[in-house]
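Open the model in your viewer and keep the selection tool ready. Each stop below says what to select and what is there.

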Amino acid sequence: MKERQVWEHLNKQKINSHTNVQWLIEAYSPEFSIELRVAIVERICVISKEGWANIHFLYHRFGFQPELIHAAGMCHQHGARDWLIMQLNEQEEFQLKILQALACWGAYLPEALIQKALNQPEQAIQLAGLELLTYKAHQLSNTDLLEMTDKLLDDFREAIVIATIKILQRRDGIDICKAIANVAKKGTDASAYAAIMALGSIGSVHSTLVLSNLKDQLPTGKRLDLVNKQLQHQYFTSKAC
């Protein structure tokens with residue numbers, strides 16, 4: 001079957017057409033373009049209550065394909081989650097596609113597995129690990145969360161630092177606020193901006209105290225100006241309440 005025919009079928013069929021599933025399974029081929037393969041497996045996940053069983057069948061038939069890993073994550077079924085974890089544990093090195101597919105299951109993954117991802121040197125792997133941590137964080141204490149992310153706040157890559165701050169700013173503990181404030185003092189301009197804005201968004205007694213301390217510690221410049229703006233915002237917000 002030619003790609004053009006499959007595209008035409010996909011475009012003509014209603015997305016929720018359950019009679020379409022078997023046709024899609026038979027039409028799938030690893031020889032197709034990645035765009036078409038993704039479109040096929042995503043459609044299978046959307047219209048079939050047995051999405052994972054169908055994707056698993058394709059895996060056994062065609063082996064490890066990136067779009068099948070992606071589709072396993074889309075299924076949101078426990079069998080798919082367990083299979084993805086098994087695949088991750090069997091690989092000598094972390095596979096980015098598997099980590100990304102597991103993102104929505106972060107809350108169900110063991111801390112050790114997430115920490116292992118965060119400890120990898122590759123930025124993409126670490127960012128995928130932080131995405132997992134986003135779903136896991138509500139199960140962790142402030143101390144545990146800081147222990148898992150402490151080194152990331154000192155990372156030389158802004159993307160890592162800023163992604164870490166976005167997770168921490170959901171808390172208002174004094175230790176969390178102090179860790180974020182340290183980035184405001186020592187981080188790059190972009191990281192410092194994210195840190196100061198995060199402290200402002202927390203809007204707690206602890207974050208206001210830390211911002212006040214920063215006001216006395218930072219030299220004249222853009223960072224100090226931003227701290228003053230956040231403190232002023234805190235003042236008007238508290239007065240309005």
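**Stop 1**

Select R37 and E67: the two form a salt bridge, with their closest N and O atoms 3.0 Å apart. R37 belongs to helix α3 (residues 34-47) and E67 to helix α5 (residues 66-75), so this pair ties together parts that are 30 residues apart in sequence. Both R37 and E67 are buried. Keep in mind that this is a predicted model.

**Stop 2: helix α3**

How far apart are the end C-alpha atoms of α3? They are 20 Å apart, and this agrees with the 20 Å that 14 residues should span at 1.5 Å a residue. Next, colour the buried residues of α3, which are L36, R37, I40, V41, R43, I44, C45 and I47. An α-helix has 3.6 residues a turn, so residues three or four places apart point the same way. Which helices do the buried residues of α3 pack against? Show α1, α2 (21-27), α4 (51-62) and α5 to see these partners.

**Stop 3: H9 in helix α1**

Move on to H9, which is found in helix α1 (residues 3-12). Is H9 buried or exposed? Its relative accessible area is 17%, and since buried means under 20%, H9 counts as buried. Leaving aside residues up to four places away in sequence, H9 touches N20 and W23.

**Stop 4: R81 and D82**

Select R81 and D82, whose side chains meet in a salt bridge at 3.1 Å, N to O. R81 is buried, with a relative accessible area of 14%, whereas D82 is partly exposed at 42%.

**Stop 5: D189 and R223**

Go next to D189 and R223. The side chains of D189 and R223 also meet in a salt bridge, at 2.9 Å from N to O. D189 lies in helix α13 (residues 189-202) and R223 in helix α15 (residues 222-240), so the pair ties together parts that are 34 residues apart in sequence. D189 has a relative accessibility of 59% and therefore counts as exposed. The count of salt bridges comes to six.

**Stop 6: helix α12**

Finish with helix α12 (residues 174-186). The 13 residues of α12 should span 18 Å at 1.5 Å a residue, and the end C-alpha atoms are 18 Å apart, which agrees. Colour I176, C177, A179, I180, A181, V183 and A184 to see the buried residues of α12.

Conventions: Residues are numbered from 1 along each chain as its sequence is written. This is a predicted model: local features need pLDDT of at least 70, side-chain atom pairs count only at pLDDT 80 or more; totals for chains, interfaces and linings use all residues. Side-chain values use heavy atoms; hydrogens and water are left out. Helices (H or I, at least four residues) and strands (E, at least two) are DSSP runs, numbered from the N terminus. Buried means under 20% relative accessible area, exposed over 50%, partly exposed in between (1.4 Å probe, protein chains only). Contact means heavy atoms within 4.5 Å. A salt bridge is a side-chain nitrogen of Lys or Arg within 4 Å of a carboxyl oxygen of Asp or Glu. The expected span of a helix is 1.5 Å times one less than its number of residues.
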